[in-house]
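Please look over the model below.

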There are 2 protein chains.
Amino acid sequence: MREEFRIDLNIVSQLLVDMAEAVRAAMRQATRALLTADRNAAEDVIARDAEVDSLYRQIEERVCDLLARQAPVASDLRALITALHVAADLERMGDLADHVAKTAVRRHPSPAVPAELRPVFTEMATVADRIANKIATVLSKPDATLAAELEQDDDAMDDLHKDLFALLLADDWPYGVETAIDGTLLGRFYERYADHAVNAGRRVVYLVTGETVTD
Amino acid sequence: MREEFRIDLNIVSQLLVDMAEAVRAAMRQATRALLTADRNAAEDVIARDAEVDSLYRQIEERVCDLLARQAPVASDLRALITALHVAADLERMGDLADHVAKTAVRRHPSPAVPAELRPVFTEMATVADRIANKIATVLSKPDATLAAELEQDDDAMDDLHKDLFALLLADDWPYGVETAIDGTLLGRFYERYADHAVNAGRRVVYLVTGETVTD
């Protein structure tokens, strides 16, 4: 029974890692589509969001099946509840990559991001990618130290978000309201992507240490 | 055992209803604070978000305790997993009311919403309130018909969101970029609040009918 549970839990963990890698790849590609006005790349991200959703459903079904068949308690139960929460965060990260890709499609063939904003979005995408990579790593091999690093990455994302607003609100902002609205929403998508990754990281820390990380 | 489970599940349901009513009250008050530049009302919403978070933790703990003690299967297990998901959506709705309140505080004593945008935000708040009320009702007494109505409410919110963008992007928009950014973010907060409510509604429909509502 116990051995069977371990095997099933490992399958769930592997599905979570697959999901983390999928939403990392999605945001990388969405960013590239955004910054190079690559419509095909953007449409590919949008089409492949269904794969992330499918992984989410598989995880939910397996977790519910395990709860019903094995009636786990204590740390086994906690691991399954954590898997449900982490999967929900990852699913939302996939949606946010999809939103970035849709912004690129909506403005195509124009770039949605003007030259002045490219550096800050490039940085936001770099931090988002670093965070997504850590989540995939932490899920493969739970590590409270690495998960706690996500808090610093989240601070870096918040600083970049403030930098973005400073650019949008500069007196000499030359691009008008529409580009400012796109920039505002895109900034929010990257920031929320990071937030969900950090939430997922907190859950993993809690699973490993039993201690809640407060923000 | 079974009777004990019913009693415990009813406590979880009541906590969910309390949470739904709390996030409904929070968004009503946040809207009033926003539209009347009432700083005290806004700060009260921000302070009381901790109550919503506390309800969320209570629900999680009770659900985990029930899973461990009673090892439910089939519809009982489904009810508990639904409770976890609905609680997560409600927690996020509380956060979004908090974000609206924080926008009101940030711009105080100026109103964050200029005259031209007041009607559309008043409408968005009305739809948000209608949705939150339906969630509280559906949680008290599961009702697939009422939950399905949420889909129409969600469409109404999406239409209002489009109206908002049309106002922000009008050639004669007189308020500059900062007010457009506030309007963009506020619109997103109300829209996401509705999305989470509709997600919660879909979960309740699934619980009652066993059928997934697709969007």
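The buried residues of α5(B) are covered by elements that include α6 (176-209) of chain A, along with α4 (118-140) and α6 (176-209) of chain B. This is a predicted model. Helix α5 of chain B runs over residues 144-168, 25 residues in total. It spans 37 Å from first C-alpha to last, close to the 36 Å expected. Its buried residues are B:Leu146, B:Ala147, B:Leu150, B:Glu151, B:Asp153, B:Asp154, B:Met157, B:Leu160, B:His161, B:Leu164, B:Phe165 and B:Leu168. Residues three or four places apart on an α-helix point the same way, because there are 3.6 residues a turn.

How are the chains arranged? Chain A superposes on chain B by a rotation of 180° with 0.0 Å of shift along the axis, at RMSD 0.0 Å. The two copies are thus related as by a two-fold rotation axis. A:Ala71 is the residue of chain A closest to that axis, with its C-alpha at 2.5 Å. The copies meet through the same surface, because 100% of the interface residues of chain A are also interface residues in chain B.

Now the aromatic rings. Over all chains there are 4 aromatic pairs.

| Pair | Centre to centre | Angle between planes | Type |
|---|---|---|---|
| B:Phe121 and B:Tyr190 | 5.9 Å | 45° | tilted |
| B:Trp173 and B:Tyr175 | 5.2 Å | 65° | edge-to-face |

B:Phe121 lies in α4 of chain B and B:Tyr190 in α6 of chain B, so this pair ties together parts 69 residues apart in sequence. Both B:Phe121 and B:Tyr190 are buried. B:Trp173 counts as buried, at 12% relative accessibility. B:Tyr175 is partly exposed, with a relative accessible area of 32%.

Conventions: Residues numbered from 1 in each chain as written. Chains lettered and ligands numbered in written order. Predicted model: local features only at pLDDT ≥ 70, side-chain atom pairs only at ≥ 80, totals over all residues. Heavy atoms only, no water. Helix = DSSP H or I, 4+ residues; strand = E, 2+ residues; numbered from the N terminus. Expected span 1.5 Å × (residues − 1). Buried < 20%, exposed > 50% of the residue type's maximum accessible area, 1.4 Å probe, protein only. Contact = heavy atoms within 4.5 Å. Least-squares fit on C-alpha atoms with pLDDT ≥ 70 in both. Phe/Tyr/Trp six-rings, centres within 6.5 Å; stacked < 30°, edge-to-face > 60°.
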